[in-house]
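Subject: Two-chain model, handover and findings

Hi,

Here is the structure for you to look over. My notes follow below it.

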Amino acid sequence: MHGHGGPGGGPAGTGAVLSGGEWAVAAVLAAAVLAYGAGVVAVWVRGTDWPAGRLALWTCGWLCAGAALLGPVAERAHRDFAAHMAGHVLLGMLAPLLLVLAAPVTLALRALPRPSARALARLLASRAAAVPTHPLTAAVLSVGGLWALYPGGLYAAASSGPWGHAAVHAHVLASGYLFAFAVLGGPDPAPHRPSPPWRAAVLVAAIAAHNVLAKTVYAVPPPGVDPERARAGAEVMYYGGAPVEIALIVLLCAAWLGPRPAPAARPGQAGGRGAPARRGPSALTPGRDRRPAARSAGRTGGGR
Amino acid sequence: MARARSGPGPAAPPGEVSGYDRRGRNLAAGVLLGLGTVAFLDEAVFHQLLHWHHFYDRSTTAVGLVSDGLFHAFSWFATVAGFFLVAALHRERAFWAGAFASGWLTGAGFFQLYDGLVQHKLMGLHQIRYGVDLLPYDLVWNAIAALLLLAGIVGWVLTGRARAAARRSGASPARRAG
């Protein structure tokens, strides 16, 4: 993907010039940001409010993914396992969290034409959607994928060809997104979301598996990785991942145990969803007043 | 804890908080924060400041890695959840310092005793320190743990009595113990 096998090899690949694969990645990132921006404009044109903070979250999320895939971190990642792990934290943990908090599905439900929005809402509510969005499935896909990648020896195999490389990156980002969404159960509508204690238990188990994996990588370097670099990478994975893990815990607990607006406050609020008092941190807090949020998001999307 | 939020929320009057036990919630918040505090002290002081423990200890077994990882993850979760519970209790004017302290002492003492006896001695996952005579370290560690746990259990019993007495007289237990 990064053209490390391409002409010129090292020095020619650095600098402002992107290889073909990198142009493709940059185009995908730009398209994702532009599509979200178009959705926000469409919602504004209809006269509905959309928090600007979410657009910022979405943009930052793709910037993190871009930093992992295109920048100097990505360039070093081929030689330096610590840089590779920094890329993992950015692409597989931080970027997915930011993207989930941007609530892209809610935006799509509101911005899309009515039939498409209805189809999307039906898809979300379908039984088929319950399987991949279950926290256990998502945890196995994301953390289990890492176990296959490093101790499983897939890392050496996947980093040999550009397509394998691209597939691993896509899987890391997608499964990270699925995991963050499944554990937080929002802010997008999540009709199949299990109860908070279940999601908390899966989150704790997944964090534990991530920690154990980091220490395993430290003790037993993956095939083809220099032991010294493997240890540095393991520490990046462990300590670099911790802030994201704690953020997930805070967001889950805030929606579960945190104070809630009194029920009477909601219908009395003119001007749509969300009380003005909750605008600050709560714009980032998923899963609050769960059922009504899910329902109103679906209704708004289908009915506007 | 799971049912903690099924009630109408912060609007509930102090004393009877939406039909579930305020002492139980204060104890739970204390236990969670007690666990988290000891785990945090262990990690920050002994691991990162004194370097008595290490990121990876060559003697660590596979079981040790899993139990370590699980406890690390759970202690972070317990800390955050404990803070949110305390915040919610304050907001509902249902915070009861006595019950919270009992829970805190119990959680802290239990974790430290578990760590000192089961993880250090029974499973031999890791020791407090390496290259020194362990006996004084083990004695101090476990004695402190036992005292914390004992104090917590005493508080647990006392707050239970306070609640029972308050129920008989129809008053709010928090008023007396606050």
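B:E92 forms a salt bridge with B:R25, with the closest N and O atoms 3.0 Å apart. (A salt bridge here is a side-chain nitrogen of Lys or Arg within 4 Å of a carboxyl oxygen of Asp or Glu.) The pair ties distant parts of the chain together: B:E92 sits in the loop between α2 and α3 (97–122) of chain B, B:R25 in helix α1 of chain B, 67 residues apart. B:E92 is buried, at 3% relative accessible area. B:R25 is buried too, at 6%. (Buried means under 20% relative accessible area, exposed over 50%, partly exposed in between, with a 1.4 Å probe and protein chains only.)

Ground rules before the rest. This is a predicted model, where local features need pLDDT of at least 70 and side-chain atom pairs count only at pLDDT 80 or more, while totals for chains, interfaces and linings use all residues. Residues are numbered from 1 along each chain as its sequence is written, chains are lettered from A and ligands numbered from 1 in the order in which they are written, and side-chain values use heavy atoms, with hydrogens and water left out.

Other salt bridges

Side chains of opposite charge can pair when their charged atoms come close. A search of the whole structure finds four salt bridges over all chains. In chain A, the side chains of A:D80 and A:R76 meet in one at 2.5 Å, N to O. A:D80 is buried, with a relative accessible area of 9%. A:R76 counts as partly exposed, at 41%. A:R76 and A:D80 also belong to a salt-bridge network with A:R229. A:E75 and A:R79 make another salt bridge, 3.4 Å from N to O. A:E75 is partly exposed at 35%, and A:R79 is exposed at 53%.

Chain B

Chain B has five helices and zero strands. (Helices are DSSP runs of H or I, at least four residues; strands are runs of E, at least two; both are numbered from the N terminus.) Of its 178 residues, 48% count as buried. Take the contacts in chain B between residues at least 6 apart in sequence: 79% of them join residues at least 24 apart. (Contact means heavy atoms within 4.5 Å.)

UniProt, in an unreviewed entry, places "transmembrane region" at residues 27–50, 70–88, 95–114 and 139–158 of chain B. (UniProt positions are in the numbering used here, feature names are shortened, and annotations may be inferred rather than shown by experiment.) Residues 27–50 of chain B are 96% helix and 0% strand, with the end C-alpha atoms 32 Å apart. Residues 70–88 of chain B are 100% helix and 0% strand, and their end C-alpha atoms lie 27 Å apart.

Chain A

The unreviewed UniProt entry for chain A lists "transmembrane region" at residues 23–43, 55–74, 86–109, 129–150, 162–186, 198–218 and 238–257. Residues 23–43 of chain A are 100% helix and 0% strand, with 30 Å between the end C-alpha atoms. Residues 238–257 of chain A are also 100% helix and 0% strand, with 27 Å between the ends.

The interface

How many residues of chain B are in contact with chain A? The count is 27 residues of chain B, against 28 residues of chain A. The two chains bury about 2600 Å² between them, 75% of it on carbon and sulfur atoms. (Buried area is the accessible area, 1.4 Å probe, that two parts lose on being put together, summed over both.) Between chain B and chain A there are zero salt bridges.

α1 (22–49) and α2 (62–91) of chain B each supply at least two residues of the side that touches chain A. The largest share of that side, 16 residues, comes from α2(B). By class, the side has 18 nonpolar, four polar and five charged residues. (Ala, Val, Leu, Ile, Met, Phe, Trp, Tyr, Cys and Pro count as nonpolar; Asp, Glu, Lys and Arg as charged; the others, Gly among them, as polar.)

A:A200 lies in helix α12 (residues 196–219) of chain A. A:A200 is buried, at 4% relative accessibility. Leaving aside its neighbours within four places in sequence, A:A200 is in contact with A:L252, A:W256 and B:F77.

Best wishes
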